[in-house]
Structures are given as C-alpha cells and as structure tokens.
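Work through the exercises below with the structure at hand. Try each task before reading its solution.

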Number of protein chains: 6
Amino acid sequence: MKASIYRRQTFNAAHRLHNPAWDNEKNDRIFGLCNRPNFHGHNYVVIAKITGEIDPDTGYVMDAKIIKDIIEEEVIEPFDHHNLNLDVPEFKELNPTAENIVVIIWNKIRARLESKFDLSVTLYETENNYVEYSGQK
Amino acid sequence: MKASIYRRQTFNAAHRLHNPAWDNEKNDRIFGLCNRPNFHGHNYVVIAKITGEIDPDTGYVMDAKIIKDIIEEEVIEPFDHHNLNLDVPEFKELNPTAENIVVIIWNKIRARLESKFDLSVTLYETENNYVEYSGQK
Amino acid sequence: MKASIYRRQTFNAAHRLHNPAWDNEKNDRIFGLCNRPNFHGHNYVVIAKITGEIDPDTGYVMDAKIIKDIIEEEVIEPFDHHNLNLDVPEFKELNPTAENIVVIIWNKIRARLESKFDLSVTLYETENNYVEYSGQK
Amino acid sequence: MKASIYRRQTFNAAHRLHNPAWDNEKNDRIFGLCNRPNFHGHNYVVIAKITGEIDPDTGYVMDAKIIKDIIEEEVIEPFDHHNLNLDVPEFKELNPTAENIVVIIWNKIRARLESKFDLSVTLYETENNYVEYSGQK
Amino acid sequence: MKASIYRRQTFNAAHRLHNPAWDNEKNDRIFGLCNRPNFHGHNYVVIAKITGEIDPDTGYVMDAKIIKDIIEEEVIEPFDHHNLNLDVPEFKELNPTAENIVVIIWNKIRARLESKFDLSVTLYETENNYVEYSGQK
Amino acid sequence: MKASIYRRQTFNAAHRLHNPAWDNEKNDRIFGLCNRPNFHGHNYVVIAKITGEIDPDTGYVMDAKIIKDIIEEEVIEPFDHHNLNLDVPEFKELNPTAENIVVIIWNKIRARLESKFDLSVTLYETENNYVEYSGQK
C-alpha cells in the first residue's frame, strides 16, 4: 500500500539571476529586475514529497522527523540566511533560478533516500511563482 | 531535465449556473443557490502549470513574465470584473461551472504555448472547491 | 477579565459600484472596472470580533455557536449567492462598497448583541483589500 | 473530457501513536512526543480529488454538494470532536498515523463512488506535514 | 518611537470542555461536541504582540529569538503534544476554553517581560475561531 | 462614520543586519545569522491601514487604487528586487530591521496622505515574524 508524505520547510536567501556568457544588455533584457547587481531575496518554501510503502509496524511511509532532519541538513543549513550566488558552491557557476534550485535540492535529498522511495520537490519563490521537479524520467 | 513551473493569478467575476434546456424546477433542484437569477460571484484563483525542459542558458523552463502575460491577456482581461454569462462569449451557451471555466482557460492558454510544453490548469472557485484540467488524454 | 473572540465566515456575492446621481462618464472615472454594468463578484470573508467579560462558569466570552448563528442569519443567508445591488434591500440605494457593506453588517450584528459586548467587523473583498468598522465613536 | 474536482473539509480530533506489540521504550523511541499516553490533537484538513468525465448537461464532474455530503457522513461525523484511538472503530487496532488515517478515509469515500470515478485523498495533520493516498496501484 | 513586534508559533494538544459543577445534561447542552468524554484536539496557533520603544543600537523592539525562546519555554514545551486537561497544571481546575487558555498564556509570557513592554496574545483554535487577550484594563 | 481600509502588497529584497559601531564579535552575537556578510533576503508583505470618514458620494474611505499607487511609488518601486543596505538611501546608515523598515515605510506613506487620515503599517518579514507601526503617540 503506497502513500506519499509531504514535509514543508522554509529558508530565507538572497540571489541574483545572471549568465556570465552574456553582456549586460542581454542579461538585463532576459532577467529584468532579477539581474540587479546587488541581489534581492526571497522566503523560499520547500516541500518534499516522498512516496513509498506504509510500514505495517509503524504506520509510517517514513518518520517525518527523518525527512525534516534531511531537509535541514541538506537545504536549510547550507542555504538559509545565505547568498545563493556567493555562499553556496552549487551556484558558483549555475544560475540560481527556481528551476535550478529545485533540481539541486532534489539531487541532495535523493542522495539521502533509499532507492525504494520516490521523490518530488516543490519550491515556492513567491506566493505566485513556484516550481516542481521529480527527477529525470 | 524536465521541470514544472506554476504561475498563480486571480480574477473577480459574477456568474450563474443554468441549463436553458431545463425548466426552472429542475434548474433549481440541480444547481440550487447557484441558479439564482441575479447572479453571484467569486474571487477565482487560476494556477497554470507548464512542464518542459530547463533551458541551460536561462535556467528557465519558461520566463514567468511570459506566462503572466499570457494569463493576463487570455484570462484576466476578458474575465476579470465581468459577468461570465453575459460578457464572455465562450459562456453564452456554455454553463460557467468551474469545470467548464477551467477547460476554456486551458484551451486559451494551450493555444499560446509551443507544443513542446505540457499544460495543466487549476481553478479555485472558493477556498474549499477547486478543479483541475490537463487536456484530453 | 475582558477578552475578544473572533468568528470567521464567508459568502459569495455579485455587486457593482455605481452612484445614480452621476453620469456614466463620472461613474466610470471614479469606479473603473467596478462600475461595469453586468456586475462582477467576490468571495467575501467576514470576521466578527466581540469583546466582553469571560464568564467564569463557561470560560466563554460568548459561545462561538451563538455568534456563528447570528452571522448566518444576519449576513450569510441574506447575502450569500445573491446580487447585493438587486437582491439585498439595504443596497437598493446604498452603493455596495466594502466600506458600506461592513457598516451594514456591523449594524445587523450589533442589533443582536447585548449592550455589554463591544463589536468590530472586518470584511475581506479580496486577499489584498479589506475594511474594518467598529461603530461610531 | 476528464477533469478533477477537489473538495476541502476539516475535522478536529485527538490521537496517540502507539504499537501495542512494542514495549514503552521502543514506542517512545519511534513515536516520541506522539506516543504520550494522554493523547494530543490536530485540526485535520481532508481534501478529496475526484476525476471523471464532465457531464455535458450539468457541466459538473460531480456536484460538489454530493462530495461534501459523502465526506461529512464518512469522515466528519465519525471523526470530528472524537478521540481517534478510543472512539473510532477503524483505529481500535490500527495506529492512527496520518498515512493510516488517509487510507481509511480513501476506503470509506471510495465505497460511496461509482467505479467510473478516480479518487485521491490528501490529509493535512499540520501545515507542515501532510499525506496523500490514491488506492492500490 | 514605539512599534509592535509579533511572533507566531504553533502547538498541538488535546482538550475537553467540562464544568464539574454541572451535571452531564447541562455540560452537553452548553459545550456540545466539545464536551465528549474522550477529548478531541487542535493545532493551536499562538501570536504574541509586544509593544515597546525601538532600541536605536539594535533597531529591535526586542530580538525575535528572545520572544521565540520565551514562547517555547512557557507555552510550546508544557502544552505541545499534551492533553491540556490531564497534563497541564493550570487546567486541572480551569476549563480549557480558548479564552481561558489565552489568559494563561498571557500571564506566563507577561511574567517573563520587563514592565516597559505591553503584551497582547492571540490564540487560534481553528482557522475560523480565535481569541485575543491584552491583560486587565 | 469612520472606517479603516487595508491594502496588502509585496516586495522581494535582500538585507543584512549590522551595526558599524560594533566589532564583528558583537554583531555576530546580537544579530546571529542575520549578520552574515553576503546578505540574505525576504518576501516582505506590507499592509497599509488607513482610517477616515466614509465619503457618502463614493462609499469609499479612499479609493484602493490611490493607496495602491502610493504604496507602489513609495515602497515597491524603490525597495522591490533591491538590496536594502546598498541600494536604498534610507538604510545607508540605518539598520534595516523589520522595525526600522516599517517606520521608514510609514513616514513615506504618511507624507502622501491628507492629515484627516490615520495610518498604521504592518510589515511581514516571514510568516512567523512581523511588525506594526502607527506613528509617534
């Protein structure tokens, strides 16, 4: 009997969208306000969805405390109250769009889960803009 | 690497549920309060989910500003602060249930997207009632 | 020991802003989209705040079921799934702006409360626009 | 033309997580605070998603009032303002984790739906922890 | 220059409304479902509002971490994942209505604040019912 | 007849808490993660509450479009997608705590309102931390 469990957490970070292969005019045209040089920021909301069998002994797919700890170690601690472009190694050369951030988060959480679980991650950048990634299909 | 992006927008409209092929008694029995002759209204919330490859140059599946503009032109401008039954041509002969509205919205946004993108649309009529349409399967 | 209790309920209604003493040009200039002739609508949220002594026998300022019943009789039943301009007597000659609606609601609930209670009413027209009325001071 | 409709409702209940086959030390280690003997509680949110053809006569997949009545009879009435462990027969021998509750709810609603409809149920235990079940696949 | 800061936290608890001076019939008539003998529960939300001068050195009325710690020590630790009636000494003889809970919380937080600060506490029992207490006036 | 109207808007900005009169050790001790040198960020929510007489001709305290324009010109345009410390003149020498930001916003909106209106501003930094300022009393 497969079910999915969701765990929601938040982090606050600065970022800037920029492609160093482009000149300023093109960066400004493509990324608009998000390209401003001194960074802006967001209250990001990350939701991990983990799908697996319900363990008959515990009644859990997975203990929510375990998912919480994984998200805190892999996402909150390295990203929260940081500048994604300057402080987070994964974005030194990768543009921190919501799409790229959610892929990085998925990879980091995926590496901590047993292969029997499926994973999907949703990332809210604002209340009106969010993204979802479920791995390569 | 395929991801999904979501864009949320709102519009405020009046509507009434009514099937002109039925007499008043049957309209009242089936549609209840929603059939009242002078209309009522809602703060509709529309969420478009677009799935596609992440462009390695931009880090975007699609620029959220493009989706925002499409939703504004196809949905907000023609529906917002309007009476769906009286003012919107698509509902002259189509009952504006949430299900029928979401199909119309999906068709209008779909016509504006390249075929490489998948589309799903969610429409909230109230905080407790909402619908979703992803095209004919 | 005085405390305040809040009760939140919702209704869905159509309305139109219009001053019959003005010509169409002025109505359009002042009320914009809200003046469109065929009505639009909202999911209104009404929150009643009642302040009074905590009854030592019940531990209640007032039983929330009593407030709920008053709001349902005075607000939800006459306003919900109705056209405020056409169906609700109070707005036959009073423009149903959020401000005027909240005053009407306050008057109707106030008339049902003992004088020992204070009343304040908040009315959400959208998630971004809301109003509050606490009686004449 | 298939669409999905969602209906959201809430209930307030007490529960405790406990496996009678384990000793206290193991129950405490696995379930932590949730194992405390005198129960705690939640405002549960249940969302039923029903997928089916849009009826061309009504414009409905299913009348939301029908789903509301099913949820009230199968979920709200038997679970709301109750102790899940002590008052609800399904949990006399089944640990009321969110996963087990959502499976029970799915089974109860599924039994009330025609086979032409698909069903998925989401259950929020808190704003940060929720689960989803769509039947055995 | 006086400003107010708000801090929001949550706890999950079981409770039952009951007045031991009344017989069962009167308890049932006054408290209804809330009087059921085996308890039910809620996700309570507590919001502390503290008003005081903005410190020119820090730019804070009070460090939000200090308020957070006070709420955790005074409210979350003793109330969360507990049965208010059975486990919390303050409610051994005091009916745990939302009004009585918010007064107890106010007293506990007030005792931890310097007298130069004003305090108001809001407590949500559900998304539709909440209370507020600001001390005796 | 006095009522209050509220208008909610959002902006996304980077900031860092720092007092240049203190050494690094003290800045770190007082401001913790918020002092990190490369900035972090938030989705700020600003709510302006304006209290005044209801104009009998319009039924408005003030047209919500006028408030919206004032907030956009005074707050959103200069703050949104900016670094508060580096880009916004008011914070060149003023620590951008939520308290200091809300005072600056209040001053800027206040200067645009006729004296017959009262103003209070609420600023959310996160869903759990927010502040309010109503001018010097």
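**Exercise 1.** List the residues that Asp80(C) touches, not counting residues up to four places away in sequence.

Solution. Step 1: contact means heavy atoms within 4.5 Å. Step 2: by that rule Asp80(C) touches Leu33(B), Arg36(B), Phe11(C), Asn12(C) and Val75(C).

The model is predicted: local features need pLDDT of at least 70, side-chain atom pairs count only at pLDDT 80 or more, and totals for chains, interfaces and linings use all residues. Residues are numbered from 1 along each chain as its sequence is written, chains are lettered from A and ligands numbered from 1 in the order in which they are written, and side-chain values use heavy atoms, with hydrogens and water left out.

**Exercise 2.** Which side chain of opposite charge is nearest to Asp80(C), and how far away is it?

Solution. Step 1: Lys and Arg count as positive and Asp and Glu as negative, while His and the chain ends are not counted. Step 2: the nearest side chain of opposite charge is Arg36(B), 6.1 Å away. Step 3: a salt bridge needs a side-chain nitrogen of Lys or Arg within 4 Å of a carboxyl oxygen of Asp or Glu. Asp80(C) has no salt bridge, yet is buried (under 20% relative accessible area; exposed is over 50%, partly exposed in between; 1.4 Å probe, protein chains only).

**Exercise 3.** Find what lies at 2.8 Å from a polar atom of the side chain of Asp80(C).

Solution. Step 1: the atom is the backbone nitrogen of Asn12(C). Step 2: the side chain of Asp80(C) also has a polar contact of 3.1 Å with that of His81(C). A polar contact is a pair of N or O atoms within 3.5 Å; within protein, one must be able to donate a hydrogen and the other to accept it, and residues adjacent in sequence count only if both atoms are side-chain atoms.

**Exercise 4.** Classify the aromatic pair of Trp22(C) and Phe31(C).

Solution. Step 1: rings of Phe, Tyr and Trp (its six-membered ring) pair if their centres lie within 6.5 Å; planes under 30 degrees apart count as stacked, over 60 as edge-to-face and the rest as tilted. Step 2: the whole structure holds 48 aromatic pairs over all chains. Step 3: the ring centres of Trp22(C) and Phe31(C) are 5.7 Å apart and the planes at 25 degrees, so the pair is stacked. Both Trp22(C) and Phe31(C) are buried.

**Exercise 5.** Classify the pair of Trp106(D) and Tyr133(D).

Solution. Step 1: the centres are 5.4 Å apart, with 80 degrees between the planes. Step 2: the pair is edge-to-face. Step 3: Trp106(D) is buried at 13% relative accessible area, and Tyr133(D) is buried at 2%.
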